Amino acid sequence: MSGNVHEAQLVSATPRADGVVEYVLRAGEPMRFRPGQFVSVRVGVDSDDNPILRSYLIASSPGRPEISLILKLIKSGPGSEYFERLKPGDRVRFTGPMGFFVLDLQHTGDVVFGVTGVGITPILPMLEELAARPERGRILLYWGNRHAEDLFWLDELKAVQQRCARLQIEIFLTGEAPSWTGKRGRINQALLAELPSLDKPVFYLVGNGAMIKEVKAELQQRGVDRKRQIRNEAFFG
């Protein structure tokens, strides 16, 4: 296929959390992309025979023959229904990679991630990229979910943290979780409370649109420059 259009073969579909599935696609030669970019998948056609497209942030690191997409499956969602029907060996057509939610080429200070739900999917490869850089600032990850059953990639995140002493991970739950001994509540206030201690921070916000809107507004009220210091991507699974 020419240009930015690809066909890939489904290698596997693996449940990762409650209603969350990782789909691994093999596109042949490794695709060039930056962590944080997305692909747009053709998941069907409408009544006028126009293609129905859904965009998914890439959940794997560059340089591999496969890419990973992680979906929160939603009943009656065209994208979810399309992926649920796929079997290993089926072909998937998509365009990309594309998008501007990528790491700055250099950070002179701290890097802060504010993430909710499956918005974590592009963050692991972004953390891996940061861990390989010679930068000296702190890396702070605030990840909010509703239930413990929503969590995944805990071992993978811990592995990056063990390689990168600059990385601090805070996980929050907002729902009922009797056995949970970690942090509770929304990530918003915890992230904002850290602001006075940060050195020239850049914020990467991904996940629920309401969280992004609220945190951006609060950061700007506290003097954070929207254009220079805040990057965001609403994530719909």
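This note goes through the salt bridges of the predicted model and the exposure of residues that take part in them.

1. On the basis of the model: because this is a predicted model, local features need pLDDT of at least 70 and side-chain atom pairs count only at pLDDT 80 or more, while totals for chains, interfaces and linings use all residues. Residues are numbered from 1 along each chain as its sequence is written, and side-chain values use heavy atoms, with hydrogens and water left out.

2. Overall count: the structure holds twelve salt bridges, a salt bridge being a side-chain nitrogen of Lys or Arg within 4 Å of a carboxyl oxygen of Asp or Glu.

3. E22 and R16: these two residues form a salt bridge in which the closest N and O atoms lie 2.7 Å apart. E22 is buried, at 11% relative accessible area, whereas R16 is partly exposed at 36%; here buried means under 20% relative accessible area, exposed over 50%, and partly exposed in between, with a 1.4 Å probe and protein chains only.

4. K200 and D199: the salt bridge between K200 and D199 has its closest N and O atoms 3.0 Å apart. K200 counts as partly exposed at 45% relative accessibility, and D199 is likewise partly exposed, at 39%.

5. R222 and E218: the side chains of this pair meet in a salt bridge with an N to O distance of 2.4 Å. R222 has a relative accessible area of 44% and is partly exposed, as is E218 at 28% relative accessibility.

6. A linked group: salt bridges also join R34, E129, R133 and E135 in a network.
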